[in-house]
Amino acid sequence: MAEPTSTTRPHKIIAGADSFGCALKDALVSHLRSLDIDVEDLGTSSYYSIAAEVGRRVSSSPTDTQGLVACGTGVGVSIFANKFPGVFAATCLTPDEALNARSINNSNVLAVSGMSTSPDSGIDILNAWLNTPFKSPCPASGSNPWPEDIQSFLDNSLSEMPKIGAQSESDSDSTTPCALCCLVKNRELNPIDLIPGGSMKILRESPTSAIVRFKAGSVEPAHHHTFGHDLVVLEGKKSVWNMTKKERYDLVVGDYLFTPAGDVHRVKYYEDTEFFIKWDGKWDMFFDEDLEAAKTAIDKELENGSA
């Protein structure tokens, strides 16, 4: 992978990671400094607080200041960095994804996975991200220049994307709606047939990610998967009982949880709850108890005040 050129090189990069992404972040910071790029390394903290701080700094800095964040999967840090206006964080697991993120989305914060990416691969991803100007040929364009109509759409996206979520419902009702805003607002989820009250929308395949919703009062009976999964709570409140480890996790907005493959767990939703989830491989679910048994066990524990 070619070294970044001075025409694409940012003036400054602000970096941070959680404990799962720290080693990869350190390797990439060293590489950036070897290129004489100014790096402000914020160190290591919980993934949501460090990503939020990087996002806040990039949001309030000149346009030639960009960001680098790392966690176990690269997903959680991307979600929290993107909460700040003008931040376009993208999780990239390959150089091709980095090329697409810069060409299509004008990504200004690179999010990487400490669990899936070696330092050498991370450097290739970083160089691809640094090297690629907005709207340049990329794998998604067949390595050809974008057609004029697509270039026009990409130009308009720069002004439209920061507006998403900025207007109140009353404001948006009185103005011409943004197509991207409508897509987010009207997102439809498919019911989860196995569990009453649940619905899910697959966002991406291999690795697979989805948005999942459960209605208040819903219960997931004890079950396990052949894959481990990461989740981040976006809305609501839930408890997860990991019966294999004999631990309980009470989760609210912003909380993260990783459940290893094979660990038996049951879940209770106290409010209407939405969360982001990521896993490797095809979806499967093996039940270890029925719904009524799960409800009885949860009610008994909550009545005994064993939180």
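This report covers aromatic pairs, charged contacts and strand pairing in one predicted model.

## Ground rules

Residues are numbered from 1 along each chain as its sequence is written, and side-chain values use heavy atoms, with hydrogens and water left out. In this predicted model, local features need pLDDT of at least 70 and side-chain atom pairs count only at pLDDT 80 or more, while totals for chains, interfaces and linings use all residues.

Helices (H or I, at least four residues) and strands (E, at least two) are DSSP runs, numbered from the N terminus. Buried means under 20% relative accessible area, exposed means over 50%, and partly exposed lies in between (1.4 Å probe, protein chains only).

## Aromatic rings

Rings of Phe, Tyr and Trp (its six-membered ring) pair if their centres lie within 6.5 Å. Planes under 30 degrees apart count as stacked, over 60 as edge-to-face, and the rest as tilted. The count comes to five aromatic pairs. One of them is stacked: F214 and Y269 have ring centres 4.3 Å apart and planes at 15°. This pair links distant parts of the chain. F214 sits in strand β8 (residues 208-214) and Y269 in strand β14 (residues 265-269), 55 residues apart.

F214 is buried, at 4% relative accessibility. Y269 is buried too, at 0%.

## Charges over rings

A charge sits over a ring if NZ of Lys or CZ of Arg is within 6 Å of the ring centre and within 35 degrees of the ring normal. K238 lies over the face of F275, 3.8 Å from the ring centre. K83 lies over the face of F80, at 5.6 Å from the ring centre.

## Salt bridges

Side chains of opposite charge can pair when their charged atoms come close. A salt bridge is a side-chain nitrogen of Lys or Arg within 4 Å of a carboxyl oxygen of Asp or Glu. The whole structure holds eleven salt bridges. Among them is K25 with D41, whose closest N and O atoms are 2.9 Å apart. K25 lies in helix α1 (residues 22-34) and D41 in strand β2 (residues 38-44), so the bridge ties together parts 16 residues apart in sequence. K25 is buried, at 2% relative accessible area. D41 is partly exposed, at 31%.

E53 and R56 meet in another salt bridge, at 2.6 Å from N to O. Both lie in helix α2 (residues 47-59), three residues apart, about one turn of the helix. E53 is partly exposed at 24% relative accessibility, and R56 is partly exposed at 39%. E301 forms a salt bridge with R248, with the closest N and O atoms 3.8 Å apart. E301 belongs to helix α9 (residues 291-303) and R248 to strand β12 (residues 247-252), so this pair ties together parts 53 residues apart in sequence. R248 is partly exposed, at 24%. Elsewhere, salt bridges that share partners join K12, E40, E53, R56 and R57 into one network.

## Strand pairing

Two strands pair if DSSP finds at least two bridges between them. Strand β6 (residues 190-191) and strand β7 (residues 198-204) run antiparallel, joined by two bridges. P191 has S199 in β7 as its bridge partner. Six residues lie between the strands of this hairpin, where G197 takes a positive phi near 90°.

β7 also pairs with β8, in the antiparallel sense, over six bridges. The bridge partner of M200 is V212 in β8. This hairpin has three residues between the strands, and S206 takes a positive phi near 55°.
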